[in-house]
Amino acid sequence: MEYVRLGSTGMKVSRVCLGMMSYGDPAKWNQWVLDEEASEPIVRRAVEAGVTFFDTADVYSFGTSEEVTGRLLARLFARREDYVLATKVFFPVGRGPNDQGLSRKHIHAAIDDSLRRLGTDYVDLYQIHRWDDETPIEETMGALHEVVQAGKARYIGASSMAAWQFAKAQHTAELHGWTTFVSMQNHYNLLYREEEREMNPLCADQGVGLLPWSPLARGLLARAGSEEESVRAGNDPRIGELYTDPGNDRQILDRVAQVAREREVPAAQVALSWLLRRPGVTAPIVGATKERHVDDAVAAVDLELTDKELSFLAEPYRPRPVRH
């Protein structure tokens, strides 16, 4: 496993981040979610492979993912300092009007609730899950700064927004001497590259690390060249929402499958290797519901594709609507 600095910070993370949305309560979230007992061997496999970076959110399984994450990591690591823990705030986690969004009221309540569920005094990275049109950005950035000053988070990050919104948030924080974002968790993979137009160059210029979510396009890239269907594929409506150009997707998937055959490796390794070598990418957030998913993600770190292969994979892509 390789370890790199997160953006321009001094904190080092593994090149693979294990996404914890897959672990929690299937009754609360979706049938492809694994409960704690089924999750433990997979998370253990990641830890044994050197993964030290874990990402969850308060909304995943409506809090249960954080509870499972906290218990598993406490069992699998000797010290809290041995791993990097990230969670997120924005989406509704209750029925009240203030149980969502990025107001000062909700941020302070949400971080306390997350810490309680995670069983820790602090998170290493506290991220806003989306942009909040209803809250002034000054209020949000001020509240996040207060969370850091209180020692409840070491760094802050953002996720899935327009580049102008991210620039506005950073400028607001800088103007007031507040904590700025060190990471951007955005939608980025071989089937969706619209972030290369504005967000990725902005982050590269500002020293902000990229933590792509859905690096395997919700499993589509992992199944390139295969007729295999996953439980998630049949129960995830967002696949059809996010990937809306079947013809172009098929061209790209065929090329992933071709490179995988030539290299004699799974398609997931090829797709992740391509992403790991994109400018500014720190660590893709990989979901895993089988131990081999972890193995593929870890192996991708060492899979060196040639410049010709990288160009071959990227060449068919054509622009598509922005999907966050």
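Visitor: How many positive and negative side chains does the protein have, and how far apart do the centres of the two sets lie?

Guide: Charge can be read as two counts and one separation. In this predicted model, there are 38 positive and 48 negative side chains. The centres of the two sets lie 1 Å apart.

Visitor: What does the secondary structure come to?

Guide: The protein has 11 helices and 10 strands. Its radius of gyration is 19 Å, close to the 20 Å that the globule rule gives for 324 residues, so the protein is as compact as a globular protein of that length. Along the principal axes, the C-alpha atoms fill a box of roughly 55 × 40 × 35 Å.

Visitor: What share of the residues counts as buried?

Guide: Burial is a matter of a cut-off: a residue is buried when its relative accessible area is under 20%. By that criterion, 58% of the 324 residues are buried. The accessible surface comes to about 13,700 Å², and carbon and sulfur atoms account for 48% of that area.

Visitor: What share of the contacts joins residues at least 24 apart?

Guide: Take the contacts between residues at least 6 apart in sequence; 79% of these join residues at least 24 apart.

Visitor: Is helix α9 mostly covered or mostly uncovered, and what do its buried residues pack against?

Guide: Helix α9, residues 267–276, is mostly covered, with 10 of its 10 residues buried. Among them are V270, L272, W274, L275 and L276, as well as Q269 and S273.

Definitions and conventions
Residues are numbered from 1 along each chain as its sequence is written. This is a predicted model: local features need pLDDT of at least 70, side-chain atom pairs count only at pLDDT 80 or more; totals for chains, interfaces and linings use all residues. Side-chain values use heavy atoms; hydrogens and water are left out. Buried means under 20% relative accessible area, exposed over 50%, partly exposed in between (1.4 Å probe, protein chains only). Helices (H or I, at least four residues) and strands (E, at least two) are DSSP runs, numbered from the N terminus. The radius of gyration is taken over C-alpha atoms; the globule rule is 2.2 Å times the number of residues to the power 0.38. Contact means heavy atoms within 4.5 Å. Accessible areas come from the Shrake-Rupley method with a 1.4 Å probe; for residues, only the protein chains shown count as cover. Lys and Arg count as positive and Asp and Glu as negative; His and the chain ends are not counted. The place of a charge is taken as NZ of Lys, CZ of Arg, CG of Asp or CD of Glu.
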